[in-house]
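We will go stop by stop, with a short note on what to select at each one.

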Amino acid sequence: MNKGRITNNIRRLRFNSSEMTQQELAEKVGVTRQTVIAIEGDKYSPSLEVAFRIAHAFGVPLEGVFQYESSDP
Amino acid sequence: MDMSYQEKSTLGSLLAMLVVYAYYFANAFRHLGQSQFDGGTLGRLIFTVIAIIVIEIVYHIALAIRSKPEPKDERDILIECKAYRTAYFAMFSGMSLVIAWLIVAGVASVAAPGRISVAPFLMVNIILLVLVLTELLHFAAQLFYYRRGLR
């Protein structure tokens, strides 16, 4: 099975949302600040529920936050 | 280093266990010749268990005062599960070796009665060592996943 890669725009979305801090986003989503840091740094792929909550926090659809890059040629 | 409350909690538990049980086993392995627990060795074992509990309570009170306690989120729970899986395989392997050793020692003690025997003091300490190493591995694996990430 080819493993794809999930990337995200959270840093840019935070900047565009009046420079929302990682702590503010963490509180809105219901995770710790370290988890937001891990997601932003592509070190952790959140559950579908948390992914939807992040998208909801920014008022954008899920694909506006996360993108899937397939490793298939 | 920017660490979460859970990560600091895990690091504290790892260090407490490492220091207290290093002290215990350094003493226990000096008395390997004895077959049973006596007042001194049993007292040291009870002291070790109480010391771990006291250190953990004091450390977590100090940690709660210094940094705001945070409930575990999904990443903390996933890291804990992965660390438990690593520790489970280590414990299974360790206990399998202990069982194999007991069987071999049992057969050997029948073949050479009076010369080879498995003393309860040694047996308890070997099993305790496996359990402690497994728990240390569990804490270390959690810290590894916190630092490396889960991808």
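**Stop 1: a helix in chain B**

Start with α2(B). Among the elements that cover its buried residues are α1 (5-28) and α4 of chain B. Helices here are DSSP runs of H or I with at least four residues, strands are E runs of at least two, and both are numbered from the N terminus. Covering rests on contact, that is, heavy atoms within 4.5 Å. Buried means under 20% relative accessible area, exposed means over 50%, and partly exposed lies in between (1.4 Å probe, protein chains only).

This is a predicted model: local features need pLDDT of at least 70, side-chain atom pairs count only at pLDDT 80 or more, and totals for chains, interfaces and linings use all residues. Residues are numbered from 1 along each chain as its sequence is written, chains are lettered from A and ligands numbered from 1 in the order in which they are written, and side-chain values use heavy atoms, leaving out hydrogens and water.

Now select the buried residues of α2(B): B:T41, B:L45, B:T48, B:A51, B:I52 and B:L63. Then check the helix length. The 28 residues of α2 (residues 39-66) of chain B should span 40 Å at 1.5 Å a residue, and the end C-alpha atoms are 40 Å apart, which agrees. The expected span is 1.5 Å times one less than the number of residues.

Which residue caps the N-terminal end of α2(B)? Select B:D38: one of its side-chain oxygens lies 3.1 Å from the backbone nitrogen of B:G40.

**Stop 2: one glutamine**

Move to B:Q142 in helix α4 (residues 120-148) of chain B. Is B:Q142 buried or exposed? It counts as buried, because its relative accessibility is 6%. Leaving out residues up to four places away in sequence, B:Q142 touches B:T10, B:I79, B:E80 and B:A83.

For contrast, select B:S117, in the loop between α3 (74-111) and α4 of chain B. B:S117 counts as exposed, at 62% relative accessibility.

**Stop 3: salt bridges inside the chains**

A salt bridge is a side-chain nitrogen of Lys or Arg within 4 Å of a carboxyl oxygen of Asp or Glu.

Select B:R147 and B:E7. Their closest N and O atoms are 2.8 Å apart. B:R147 lies in helix α4 of chain B and B:E7 in helix α1 of chain B, so the pair ties together parts 140 residues apart in sequence. B:E7 is buried, at 2%, while B:R147 is partly exposed, at 36%.

Next, pick A:E49 and A:R53, a salt bridge with N and O atoms 2.9 Å apart at the closest. Both lie in helix α4 (residues 48-58) of chain A, four residues apart, about one turn of the helix.

**Stop 4: where the chains meet**

Show both chains. How many residues does each chain give to the contact? Chain A gives 17 residues and chain B gives 15 residues. The area buried between them is about 1,300 Å², with 42% from carbon and sulfur atoms. Buried area is the accessible area (1.4 Å probe) that two parts lose on being put together, summed over both.

Finish on the one salt bridge that the rule finds across this interface. Select B:D2 and A:R33: the closest N and O atoms are 2.7 Å apart.

Key. A polar contact is a pair of N or O atoms within 3.5 Å; within protein, one must be able to donate a hydrogen and the other to accept it, and residues adjacent in sequence count only if both atoms are side-chain atoms.
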